[in-house]
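Here is my note for a colleague who has not looked at this structure before. Please read it with the view open beside the text.

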Amino acid sequence: VDRRQRQMCIRDSYTATKKKRKRYSIAFLKGDVNTKLNQSLPVITKDGSTMYFTGNTSKGAEIQRGLRILKATKKNGYWTDVTDISINSDAYSNAHAVLNADETEMYFVSDREGKPGDSDIYKVRIYADGGFGTPTRLGNNINTFREEITPFVTADNALYFASKGHPGLGGFDVFYVDLNDEMAVPINIGLSLIHISEPTRQAEI
């Protein structure tokens, strides 16, 4: 959700509780996640105890470069203990985190060095103790020399993502690919979900 503060676009996280007759009650997220900087694109583990989200951080008065994937823990109804995860760096951005079905892998977007594209999709192992492995870039059948963003992984290991690099109608098109097949070619899912103009992006890489 965007709000205007000092002529800057700041994004915060909210909760929506379903009420009667398809109505929702919107509330500011309780805890320490929302700050004067940007926070967006939260993903929550199935047990409701851990949140990963995209945000900016600062050291003193200095805002750190780019975007980072941050982690928060829910305690007594409040999201607290916000921490930087180990895959982040001041040298590049990480954003758009999602989890696979068994929550052992995180898929995310990064503009880190060593990639041919503007921003590519990566995955990283999440260990039982909450630590992270070494990120690996998804194959060239998925990543292109342009931008890939906003991954989403289904229970049957299908990846949906937006891309400027695969053939489409211009701007970001939405694609599907089966992650069980390393050579699978992403399929453009069609006109019903495609916007020819640039989408409003929750977080810029």
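Predicted model: local features only at pLDDT ≥ 70, side-chain atom pairs only at ≥ 80, totals over all residues.

1. Residues are numbered from 1 along each chain as its sequence is written, and side-chain values use heavy atoms, with hydrogens and water left out.

2. The whole structure holds 6 salt bridges (a side-chain nitrogen of Lys or Arg within 4 Å of a carboxyl oxygen of Asp or Glu). In one of them Arg68 pairs with Asp90, with the closest N and O atoms 3.0 Å apart. Because Arg68 lies in strand 9 and Asp90 in the loop between strand 10 and strand 11, the pair ties together parts that are 22 residues apart in sequence (strands are DSSP runs of E, at least two residues, numbered from the N terminus).

3. Arg68 is buried at 4% relative accessible area, whereas Asp90 is partly exposed at 39% (buried means under 20%, exposed over 50%, partly exposed in between, with a 1.4 Å probe and protein chains only). Arg68 and Asp90 also belong to a network of salt bridges with Asp84.

4. Asn100 sits in the loop between strand 11 and strand 12 and is buried, with 10% relative accessibility. The Asn100 side chain reaches the backbone nitrogen of Glu105 at 3.0 Å, and Glu105, itself buried at 17%, forms a salt bridge with Lys123 (3.8 Å, N to O).

Definitions and conventions: Helix = DSSP H or I, 4+ residues; strand = E, 2+ residues; numbered from the N terminus. Polar contact = N/O pair within 3.5 Å; in protein donor to acceptor, adjacent residues only side chain to side chain.
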